[in-house]
Amino acid sequence: MHPAYSMIIFTVLSGLGYGLAVVLGLGGLEPSLPSTVLAHILALVLIAAGLIASLFHLGNPQRAWRALSQWRSSWLSREGVMALGTFVPLTLNAGLLLFTGQSEPILGYIGAAGAMLTVFCTSMIYTSLKGIDAWHSALTPACFLLLSLTGGVLLAACFAPGTRLLAGAGLLLLLGAMASKLAWRRRMLRNQPLSTPESATGLGGIGRVRLFERPHTLDNYLTREMGYRVARKHSAKLWAIALVCAFLLPAALLLLSLALGGLPLRSVLVFAVLSHSVGVLVERWLFFAEARHAVMNYY
Amino acid sequence: MTSLPQDRGTTSLGLVIDLDVCVGCHACVVSCKEWNTGGYGSALSDQHPYGDDVSGTFLNRIHSYEVVPEGGEVIGEAGQARIVHFPKSCLHCEDAPCVTVCPTGASYKRASDGIVLVDETKCIGCGLCAWSCAYGAREMDLAAGVMKKCTLCVDRIYNEALQEEDRVPSCVRTCPANARHFGDLGDPRSEVSIMVAERGGYDLMPEQGTRPTNKYLPPRPRISLADQQPAMPLAENTEGARGFFAWLDKTLDRI
């Protein structure tokens, strides 16, 4: 699948924002600290920036409001509804904290649940597509949810350096997210494709089917959108980069932070978040670029 | 509403494509583009039509495949080995995933005849329906930013301003080899249904669970050249000779 930058930026940024919103909603940061207000605002900014980025891949973004109507059948519509709905408790709580110095725990819980549901809906857009074997797995939502939570906890740790609870949760989540992502990739590489050129043409009864002549000499929308190919040697290297940046380095930095104190502590945590974000960006790029669409059985 | 219609009647309009007959001339591709660029919805645009990187929106494309059976590489003994020209357009699936994934309600399946259509005034051009289609039946028009797909020439088949014989999809009307047939596949007594029953018409990628309406008729079995050889070479066989030629054959044999 073509790795569209708008989609990659959207899922990574909003994933981080929603993860942070969950930590805030569950009271992971001390409300009385001024930096917590900043964290609330950062979560909203990340989510909003992601959602705006997602509009850039639309052919007619001026009609995007229509996407809220089909929540009964469409995961994309459900995502839109949940994203907008979740803004209400998140913004209210940020406002309360900013103006009264106190947040409402109930709103926090609703916001946290909404944030996770939104990320779940995003992941289900991909999971529900049967024609893309790599995505059509329960591991896809698991990876999205765990990665979002991990990013959120790492980000929250920057606002409360030295909090053992956040550092511990971060380490556990890094481990869980890495395990789910490893399982996801293992499945993708070993999975037999559901459809083949033989089943796509129905000519398998005669023999092996091979494309003799394409319908046209150059690319079309389908081959550009679904026919993205990434060289195997590059994908292996990129996957190694993603593993190190997204999981291993942040885990090492978290461990280091537990041993440190003072100013270097915060910079180590900020570096962990940056490394994790770069790793997840690479992971998300591979998520799209390596997924093979059933339509390519015709090309 | 992009849920699939609950009150579907029995009518399922669609195409039957005969892979034994298609000669791969691409006439249906051209006639489809011509009719549909001026008909339903926005035009089917081309990008850089006179440049180096030509591309454009098409609702119907012809692929050509080489089909080789086990051990079929030997010339003269290849038997079933052949080139199959393979026209592909929307299959108007009964369980169309392109309809249910649409977030805006632009993509819908008609309850009355089963045709899958896009209401272009509602389409935001997110492309998710094209992703959901395993058959590659949908292409985003890059100029209009909306999704285009086969309409089964809905602006022809019910059009009373046209002659009776023209009230079929443009591809069917134009096919010079008569490889494309249009009709009601929901009616077991229709010509297309009988054709499907007699020739063993099949669905593409049934494992995707989409239940396509359009059916494909398989190429008829062929005999390898080696098996076709008569016991005596044709030029040596005079068995069928009659009258003067029979006399001549007999006389020449005696000499």
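User: Is B:E164 buried or exposed?

Analyst: Check its relative accessible area. Over 50% counts as exposed, and under 20% counts as buried. B:E164 comes out at 60%, so B:E164 is exposed. Remember that this is a predicted model.

User: Which side chain does B:E164 meet in a salt bridge?

Analyst: The partner of B:E164 is B:R167, at 3.8 Å from N to O. B:R167 has a relative accessible area of 24%, so B:R167 is partly exposed. Salt bridges can also share partners. A:K181, A:E283 and A:R284 are joined into one network that way.

User: How many salt bridges are there over all chains?

Analyst: The count is 17. One pair crosses between chains, running from A:R210 in strand 1 (residues 208–213) of chain A to B:E66 in strand 4 (residues 60–68) of chain B. Across the interface of chain B and chain A, the rule finds one salt bridge.

User: How far apart are the closest N and O atoms of A:R210 and B:E66?

Analyst: They are 2.8 Å apart. Now check the surroundings of each end. A:R210 is partly exposed, at 43% relative accessible area. B:E66 is partly exposed too, at 22%.

User: What about a pair inside one chain? Which residue forms a salt bridge with B:K33?

Analyst: B:D46 does, with the closest N and O atoms 2.8 Å apart. B:K33 sits in helix 1 (residues 27–37) of chain B and B:D46 in strand 2 (residues 46–47) of chain B, so the pair ties together parts 13 residues apart in sequence. B:K33 counts as buried at 13% relative accessibility, whereas B:D46 counts as partly exposed at 37%.

User: Now the interface. How many residues of chain B are in contact with chain A?

Analyst: Count residues on each side. Here 62 residues of chain B are in contact with 58 residues of chain A. Then turn to area. The two chains bury about 4,800 Å² between them, with 59% of it on carbon and sulfur atoms. Next, ask who supplies that area. B:Y65, B:I124 and B:W131 supply 17% of what chain B buries against chain A, more than any other three residues.

User: Which strand of chain B is joined to strand 1 of chain A?

Analyst: Follow the bridges. Five of them join strand 1 of chain A to strand 4 of chain B, and the two strands run antiparallel. One partner pair is A:E213 with B:S64. Strand 4 also has a partner within chain B. Eight bridges join strand 4 to strand 5 (residues 82–89) of chain B, again antiparallel. There, B:H63 stands opposite B:F86. Strand 4 of chain B is mostly covered, with eight of its nine residues buried.

User: How do I read a sheet? In what order do the three strands of the open sheet in chain B stand?

Analyst: The order is 10-1-11, and the pairing is mixed. Then find the edges, which pair on one side only: strand 10 (180–184) and strand 11 (215–217) of chain B. Neighbouring strands of this sheet are turned by 25° against each other on average, direction ignored.

User: Why is strand 1 of chain B said to be largely enclosed?

Analyst: Six of its six residues are buried, so the rest of the structure largely encloses strand 1. Check both faces. B:L13, B:L15 and B:I17 are buried on one side, and B:G14, B:V16 and B:D18 on the other.

User: Which helix of chain B lies across strand 1, strand 10 and strand 11?

Analyst: Helix 6 (residues 191–199) of chain B does, running at about 115° to strand 10.

Definitions and conventions:
Residues numbered from 1 in each chain as written. Chains lettered and ligands numbered in written order. Predicted model: local features only at pLDDT ≥ 70, side-chain atom pairs only at ≥ 80, totals over all residues. Heavy atoms only, no water. Pairing = 2+ DSSP bridges. Helix = DSSP H or I, 4+ residues; strand = E, 2+ residues; numbered from the N terminus. Axes fitted to C-alpha atoms, helices over the stretch in contact; angles between N-to-C directions. Contact = heavy atoms within 4.5 Å. Buried area = accessible area lost by both parts, 1.4 Å probe. Salt bridge = Lys/Arg side-chain N within 4 Å of Asp/Glu carboxyl O. Buried < 20%, exposed > 50% of the residue type's maximum accessible area, 1.4 Å probe, protein only.
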